[in-house]
2 protein chains.
Amino acid sequence: MSHARESAEDRLIARYFRPLATDPGAFALGDDAAVVTPPAGCDLVLTTDGVIAGVHFFPDDPPERIGRKALRMNLSDLAAKGAKPAGFLLSLALPRGTDGAWIAAFAAGLGEDIAQYGCPLLGGDTDHTPGPVSVSIAAFGTVPRGKMVRRSTAKPGDTVVVTGTVGDAALGVKMREDASLAKRWRLMPAMARHLEERYLLPQPRNALAEAVLHHAAAAIDVSDGLAGDLAKLVEASSVAAEIDVARVPLSDAARAAIGAEPALIESVLTGGDDYEIVMTLPPQKLPALRAAAEAAGVPLTEIGRVQAGQGARFMLDGKALSFARPSYSHF
Amino acid sequence: MSHARESAEDRLIARYFRPLATDPGAFALGDDAAVVTPPAGCDLVLTTDGVIAGVHFFPDDPPERIGRKALRMNLSDLAAKGAKPAGFLLSLALPRGTDGAWIAAFAAGLGEDIAQYGCPLLGGDTDHTPGPVSVSIAAFGTVPRGKMVRRSTAKPGDTVVVTGTVGDAALGVKMREDASLAKRWRLMPAMARHLEERYLLPQPRNALAEAVLHHAAAAIDVSDGLAGDLAKLVEASSVAAEIDVARVPLSDAARAAIGAEPALIESVLTGGDDYEIVMTLPPQKLPALRAAAEAAGVPLTEIGRVQAGQGARFMLDGKALSFARPSYSHF
């Protein structure tokens, strides 16, 4: 509740963020609002997600990664909905006295992803907070009118497929919290680094978004764990799904960790921050989706089947796994 | 960094926020993203703003007002840009253990404004935070393509007009911080209440948005103080403005306070949270704007003139005022 002249941070923000706002609709962050002109016949898809220090990332995580992580969480939602990125708004709350190097690194990381994903910074809001660093992003994408891929449109008989590998980030967080785990899990250094990287920096599947749009019956991004997110999809669709756990795609690192400690399968299936896409589609569409995924360089694995009924069952050795904690929640 | 079953707060949020998300594009908060279908030939105008406890509001402010204040800050930006509200995304960070009554009151307040301003809740994100309550909103509006009213398009010869009254919220904050001021300023109880109300709950000028769109040459919402926001407008437009301080519209309460303590004129002109609109327009358009403002029930006052040059001068008794702190900043 204070008056202030333009602060050092104001100047830093102008210095580091204005150069990122090159889209004409951003008006170089020099107006009250930004503008998006949606292509004719398109809907705008809107999503918001954010990260708070000590909740979604460790306060000493590299600042380059923090803004990128927040942006990629949103990009992953757009990808799962079949939407092409159109831009984002950034709300940044910083403790007073956050240093210039931190802000510069944060902005530089964001700038890389703006270029990589073609998702321009359109505007933002910056405040001081007596609390921890907090980054909230609202991201926008476009889809042909009425074509956003929903959670609620899976049909019995659909095949269930998932991109990439599952569970790496959940294991990466555990290692980050307890450095002795890499040894206990007998991971080679490259494996340990892989798990840490997967936690630090999501790799959202925007390269597959157009294929999701054309081929998926229903989709959701895997951010709260495969089990929990698939449960949301089948509930929204009023169907059941049976997943063959042996087919769930795992990285070499995750496979090694589970080999050393079989109970980790629960963390792998229910842990968060995968930022993969789980989707359903009629089996006859699978070859076209596979071809598109191969062209996009995105691994794709068939893991189960949609059925009439309710609930997502994860079958291993003929029995359904039961999870103590079916879904990851930061809340 | 914890796993959790669906928490009591998750259930409260579903209980209190889902009923607010009645727009078909919100999918009842049941998907990864929301959808807006912009009317043909329209741009989407995007803005984001938020509030943090202890920075933008007092932690014991009534929760009904907190979400409304955050939403209205964004609605005010849309109004100043001539945009019609299309919806918003809500990011809410709550300390663990925030009670149900608080969440219910917060949501009830938001629900009133969703109805009053026709600005639907489209989606959101909720997290626990180790810090203070934080509310970030990204709001969307529509304007005919290319017609968003800019800050940068004021022309020498334009008249400068402002809606409503200026400085009430700045005085309201001072009273909130020091209860003895009402007496020192010799305010009647109704006057003191007026100033407090103006601080607690902005009254954005969305009723005038269409007139702003049709008649204004340039506009900005007055959120950081009339002097500071007008300075931004003239800088963006590469013009100067001369304001007749005697004509700046004041409430009876602000007039009484300044009568008791003349130095308060600086707080009135530079204080924040007015959520009025200051705009410029060619003088020949003023009658049409006046008629529209009268029809909308929005007071409008001519306060000065745009000139060639730079800077906004506030003239009183033939001299330009100089301000110690020209612009309000929460940062």
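Predicted model: local features only at pLDDT ≥ 70, side-chain atom pairs only at ≥ 80, totals over all residues.
Two strands are said to pair if DSSP finds at least two bridges between them.

**First stop: a parallel pair.** Select residues 240-244 of chain A, which form strand β8, together with residues 311-316 of chain A, which form strand β11. These two strands pair in the parallel sense over five bridges. Within this pair, A:Ala240 stands opposite A:Gly311 of β11(A).

**Second stop: the helix on the sheet.** Next, select residues 286-296 of chain A, helix α11. This helix packs on the sheet and touches β6 (159-163), β9 and β10 (300-307) of chain A. The direction of helix α11 makes about 150 degrees with that of β10(A).

Now display the seven strands of the open sheet in chain A, whose order is β7-β9-β6-β10-β8-β11-β12. The pairing in this sheet is mixed. At its edges are β7 (218-222) and β12 (319-320) of chain A, each of which pairs on one side only.

Select residues 63-80 of chain A to show helix α2, which lies across β7 and β9 (276-281) of chain A. Helix α2 runs at about 165 degrees to β7(A).

**Last stop: where the chains meet.** Display both chains: 62 residues of chain B are in contact with 62 residues of chain A. On the side of chain B that touches chain A, strand β2 (residues 42-52) of chain B gives the most, with nine residues. That side of chain B comprises 26 nonpolar, 19 polar and 17 charged residues. Finally, select strand β1 (residues 34-36) of chain A, which pairs with β2(B) in the antiparallel sense over three bridges. Here A:Val36 stands opposite B:Leu44 in β2(B).

Terms used
Residues numbered from 1 in each chain as written. Chains lettered and ligands numbered in written order. Contact = placed C-beta atoms within 7 Å. Helix = DSSP H or I, 4+ residues; strand = E, 2+ residues; numbered from the N terminus. Nonpolar A, V, L, I, M, F, W, Y, C, P; charged D, E, K, R; others polar. Axes fitted to C-alpha atoms, helices over the stretch in contact; angles between N-to-C directions.
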